[in-house]
Amino acid sequence: MTLTRQSLDDPRAILHWAMDTWGDRLAFTTGLGAGGICLLHMARQKSARVTCAFLDTGFHFPDTLDYLDEIQDVLDVRIQSVHPQPYGPTWREDRLACCDHRKVAPLESALAGKDAWVNARRADQGGMRASIPFVERQEGGFMKVNPLARKDRAWVDAYLAKHAIPTHPLLSKGYGSLGCEPCTRKLKPGEDERAGRLFAGGKTECGIHTRLTVDRGDGKR
Ligand code: SF4
């Protein structure tokens, strides 16, 4: 399958191209956000062998863990929880160190040996995401695929509604995006969907898209 200019408007075409291109060396992860669930549904339509990783930081809302169980049944896909090493720093002392310990390092382990990783980031989320391309090449050759780069939240919500896929239960209770409980708050009127996510130093990213170093197994990073 090749990508054409036309297919760039179709997240499913981009995703299925990535699956054909990298096969088992393409990684899926999810934070259980609406966009990621769309992509998992599309991936599952193409292959029953799709597996996915979820970063269980130890600080998620109970609702998130309930939704994790539910969505695996709905999509008929296995989502493997990835845990940090015990006894690391927490958000109470240092959010940067906590994210590195509970998100970045476990994700680096989960992605080791892979060539590419599917992301649900969208340019309309703004901040560092405002100019993301469909495919990014990191130093060392690791690839990030962003099928939803040019879609917006309304498109994602319409996709989930069309396929009768449930969303995270807290999205209907004032939250715009769900992360760890101590670092996620409800939105105030007029705020964009990620405004309720709290990271070190007022940053808009936790580090998995900015401080990740993947060992593809060929000695290059
Ligand atoms: S989002 Fe908060 S609790 Fe979660 S890993 Fe980062 S600092 Fe820790």
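**A tour from the core to the ligand**

Begin by selecting Leu-39, which touches Leu-15, Val-118, Ala-120 and Pro-147 once residues up to four places away in sequence are left out; two residues are in contact here if their C-beta atoms, placed from the backbone, lie within 7 Å. This is a predicted model, in which local features need pLDDT of at least 70 and side-chain atom pairs count only at pLDDT 80 or more, while totals for chains, interfaces and linings use all residues. Residues are numbered from 1 along each chain as its sequence is written.

Leu-39, together with Leu-15, Ala-18, Ala-43 and Val-118, is among the residues with the most contacts inside the largest nonpolar core, which has 48 residues. Such a core is a set of buried Ala, Val, Leu, Ile, Met, Phe, Trp, Tyr and Cys residues joined through C-beta atoms within 7 Å, and a residue is buried if 20 or more other C-beta atoms lie within 10 Å of its own, exposed if 12 or fewer, and partly exposed in between.

Next, select helix H2, residues 34-46, whose 13 residues reach 19 Å from the first C-alpha to the last, close to the 18 Å expected at 1.5 Å a residue; that expected span is 1.5 Å times one less than the number of residues. Among the buried residues of H2 are Ala-34, Ile-37, Leu-39, Leu-40 and Ala-43.

Zoom out now to the protein, which has five helices and six strands, where helices (H or I, at least four residues) and strands (E, at least two) are DSSP runs numbered from the N terminus. From the N terminus on, these elements run α-β-α-β-α-β-α-β-β-β-α.

Then move to Thr-57, which sits in the loop between E2 and H3 and is buried, with 24 other C-beta atoms within 10 Å. Apart from neighbours within four places in sequence, Thr-57 is in contact with Pro-84, Arg-102, Lys-103 and Cys-180. The C-alpha atoms of Thr-57 and Cys-180 are separated by 7.4 Å, although the two residues are 123 residues apart along the chain.

Finish at the ligand, selecting Trp-91, Cys-98, Cys-99, Cys-180 and Cys-183, which come nearest of the 13 residues around it; a residue counts as near if its C-beta atom, placed from the backbone, lies within 6 Å. The residues of this shell divide into eight nonpolar, two polar and three charged, with Ala, Val, Leu, Ile, Met, Phe, Trp, Tyr, Cys and Pro counted as nonpolar, Asp, Glu, Lys and Arg as charged, and the others, Gly among them, as polar.
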